[in-house]
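Biologist: Hello! I have a protein model open and would like to learn how to read it. Could you take me through it step by step?

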Amino acid sequence: MTGTLYPFLRRDPLDLTASTVEKARESLELRRRVLDEMAGPLAACAGALAAAFRGGGRLFTFGNGGSSTDAQSVADLFTGRGLPAVSLAADTALVTALGNDVGFEVVFARQLAALGGEGDVACALSTSGGSANVLRGLERAASLRMVTVGFAGSGGGRMAEERLAEHLFVVPSSSVHRIQEAQATLYHVLAELVSAAAR
Ligand SMILES: O=C(CO)[C@@H](O)[C@H](O)[C@H](O)[C@H](O)COP(=O)(O)O
């Protein structure tokens, strides 16, 4: 019975160790690969963000679920370095009101329409590249002539197909865990590069 319901209880603990080591290897290799392959685009993106901040621009970040916590981390990394940034996923009252009253697909686009403008930067995070509210946010940001940055995985989804971000980073993995880990590596490096160049 236990074996049927909880097969992991019967597994040799060494299997779990091997599996952990394998995941660590996957994670490290993927993070090394994205940094190697995306070094040029990351530097170009850092230059664009540094120029935006020097010109008085602000950064708006957004994403769903795990990517909403990443959006908060990105905003905090910049704000903590004295560069103005805010996560549009952080205001629960506003996100739930817009989602409930208008539609979940507008929760980021509406905020960008109210707060953003030319010279600002929009940074979208998604693992699938296909979340409707994230894509609507990027479309609105582009219509406002903001600089657009997109992080995706899983082939990039519609974010990549329709090239909805000027600076686009697609992590080559279909694992949500590995994608989020690699995206975190990329945005931490981005924040370091920008803070060095923005002053
Ligand atoms: O992966 C996690 C948590 O790590 C989930 O919460 C995940 O973020 C949510 O399912 C999101 O709704 C997925 O959206 P997206 O990444 O495809 O844009």
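Modeller: Happy to; we will go from the whole chain to its helix packing and then to the ligand. This is a predicted model, in which local features need pLDDT of at least 70 and side-chain atom pairs count only at pLDDT 80 or more, while totals for chains, interfaces and linings use all residues. Residues are numbered from 1 along each chain as its sequence is written.

Biologist: How many helices and strands does the chain have?

Modeller: Helices are DSSP runs of H or I with at least four residues, strands are runs of E with at least two, and both are numbered from the N terminus. Here the chain has nine helices and five strands. Their order along the sequence is α-α-α-β-α-β-α-α-β-α-β-α-β-α.

Biologist: What does the UniProt annotation cover?

Modeller: The unreviewed UniProt entry gives "domain: SIS" for residues 49-199. Such positions are given in the numbering used here, feature names are shortened, and annotations may be inferred rather than shown by experiment. That span is 50% helix and 15% strand, and its end C-alpha atoms lie 11 Å apart.

Biologist: Now, how do I read helix packing?

Modeller: Two packed helices are described by the angle between their axes and the distance between the axes. Axes are lines fitted to C-alpha atoms, for helices over the stretch in contact, and angles run from 0 to 180 degrees between N-to-C directions. Helix 4 and helix 9 pack at about 15 degrees, with axes 10 Å apart. Helix 4 is therefore roughly parallel to helix 9 (under 35 degrees is roughly parallel, over 145 roughly antiparallel, 65 to 115 roughly perpendicular, and the rest oblique).

Biologist: At what angle do helix 3 and helix 9 pack?

Modeller: Helix 3 (residues 39-54) packs against helix 9 at about 50 degrees, with axes 9 Å apart. The two are therefore oblique to each other. Residues are in contact if their C-beta atoms, placed from the backbone, lie within 7 Å. Among those meeting are Leu 42 and Ala 46 of helix 3 and Leu 186 and Leu 190 of helix 9. This contact has 12 nonpolar, one polar and no charged residues (Ala, Val, Leu, Ile, Met, Phe, Trp, Tyr, Cys and Pro count as nonpolar, Asp, Glu, Lys and Arg as charged, and the others, Gly among them, as polar).

Biologist: Which residues are around the ligand?

Modeller: A residue counts as near if its C-beta atom, placed from the backbone, lies within 6 Å of the molecule. The residues around the ligand include Asn 64, Ser 67, Thr 127, Val 176 and Gln 180. Helix 4 (66-79) and helix 9 (176-197) each supply at least two residues of this shell. The shell has two nonpolar, nine polar and no charged residues.

Technical notes. Contact = placed C-beta atoms within 7 Å.
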